[in-house]
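Me: Before I look at this protein, could you take me through how its features are to be read, giving the general idea and then the case in point?

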Amino acid sequence: MARAFQTLSRSTRSLVLTLAVPALAAGLSGSAKAAANGAFLSHQALYELTLLKSRGSNSISSAHGRILYSFTGSACEGYTSEFRQVSEMDNGENKVTLSDLRSTSWEDAAGKTYRFKIDSRMNDVDTGPIDGIAERVGDHISVKLKQPQTKTFNLDGSTVFPTEQIQHIIAAAKEGKSILEQTVYDGSDNGEKVFSTLAVIGQPIHGDQTIASPDPSTENDVMKSTTRWPVTVSYYDHDAKPEEGEQTPLYAMSFELFENGVSRALVLDYNDFVISGALGKFNVKDSKPCK
């Protein structure tokens, strides 16, 4: 069970930034800048988590919980996200693990500065906070951690932050591309983890198409005419070197990504078990336009 929670925790930062992301008006390639022309919503969303499938030696018998996500900001003031996930997992032997995970982040519109803080508890015991800032300096990224320990290190300049990652996926989708590989730093795990990611992008789903399972996002007046794409992103250990054959992802996330940055129909595959995240509530929030 502890391993299951650790796996869930490692993916938190990635999950947070798939739920809604800002447009990065600067610091992007030409195609990504074109994709950034659309407006991204400030909003609050509630996702209901349930166990979809269990498999492997570390399988679980039941799981449920909620994710509450709030996103605000603009290209002028930067973007702030607040995330809380409470989940309960049962291994079928009367061993229940209750986890409470909270995360906040801020990123400037140019994608040059990324601040993050993650706090988590498992069965009312703190599992250790993560607190740091990453900044682009010349041809590299400098990361300064306050917690879990004071440390400074550099990353390759080609590494992207989560907002850049999702923005590039949207840009690739608008160009009709189906595959996108990126190296991502999101501050998860112990604050030092770097991921190799592979995004598979499906055909666009236009807002006027009939949907089999509507939810508050597809029924919202703001969203009804918005195009979205089915996306699956697999996360790999960037430093791992597989002995032979293809590398197995640490986890994978599938979702429908709207061109305004909102995600619906989450499916989180942690290899030993799969969690679905249905959008239960969705509210558009007021945002201040740039002056």
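Reply: Let us begin with contact, a term that means heavy atoms within 4.5 Å. Before the cases, please note that this is a predicted model, in which local features need pLDDT of at least 70 and side-chain atom pairs count only at pLDDT 80 or more, while totals for chains, interfaces and linings use all residues. Residues are numbered from 1 along each chain as its sequence is written, and side-chain values use heavy atoms, with hydrogens and water left out.

Me: Which residues does Val 231 touch, not counting residues up to four places away in sequence?

Reply: Val 231 touches Ile 169, Val 200, Ile 201, Met 253, Ser 254, Phe 255 and Leu 257. Val 231 itself is found in strand 12 (residues 228–237), where strands (E, at least two residues) and helices (H or I, at least four residues) are DSSP runs numbered from the N terminus. In the protein there are five helices and 15 strands, and among contacts between residues at least 6 apart in sequence, 57% join residues at least 24 apart.

Me: Is Val 231 buried or exposed?

Reply: The scale is relative accessible area, with buried meaning under 20%, exposed over 50% and partly exposed in between (1.4 Å probe, protein chains only). Val 231 counts as buried because its relative accessibility is 3%. Thr 197, in strand 11 (residues 194–201), is likewise buried, with a relative accessible area of 5%, and its contacts, leaving aside neighbours within four places in sequence, include Gln 165, Leu 180, Val 233 and Tyr 235. Val 222, by contrast, is partly exposed at 42%; its place is in the loop between helix 5 (216–219) and strand 12, and beyond its neighbours within four places in sequence it is in contact with Leu 41 and Val 284. The C-alpha atoms of Val 222 and Leu 41 are separated by 9.4 Å, although these residues are 181 apart along the chain. Over the protein, buried residues make up 48% of the 291 residues.

Me: How many of the residues of helix 4 are buried?

Reply: An α-helix has 3.6 residues a turn, so residues three or four places apart point the same way. In helix 4 (residues 162–174), twelve of the 13 residues are buried, so the helix is largely enclosed by the rest of the structure; among them are Gln 165, Ile 169 and Ala 173. The helix reaches 19 Å from its first C-alpha to its last, close to the 18 Å expected, the expected span being 1.5 Å times one less than the number of residues. Just after helix 4, Gly 176 takes a positive phi of about 85°.

Me: Which strands does strand 7 join by bridges?

Reply: Two strands pair if DSSP finds at least two bridges between them. Strand 7 (residues 130–137) runs antiparallel to strand 5 (residues 113–122), with six bridges joining them, and Arg 115 stands opposite Ile 133. Seven bridges join strand 7 to strand 8 (residues 140–147), again antiparallel, and these two form a hairpin with two residues between them, where Gly 138 in the turn has a positive phi of about 60°.

Me: How are aromatic pairs described, and how many does a search of the whole structure find?

Reply: A pair of aromatic rings is described by the distance of the centres and the angle of the planes. Rings of Phe, Tyr and Trp (its six-membered ring) pair if their centres lie within 6.5 Å, and planes under 30 degrees apart count as stacked, over 60 as edge-to-face and the rest as tilted. The search finds eight aromatic pairs. The rings of Phe 195 and Tyr 235 have centres 5.7 Å apart and planes at 90°, so this pair is edge-to-face; it links distant parts of the chain, with Phe 195 in strand 11 and Tyr 235 in strand 12, 40 residues apart. Both Phe 195 and Tyr 235 are buried. Tyr 251 and Tyr 270 form a tilted pair, 6.4 Å centre to centre with 45° between the planes.
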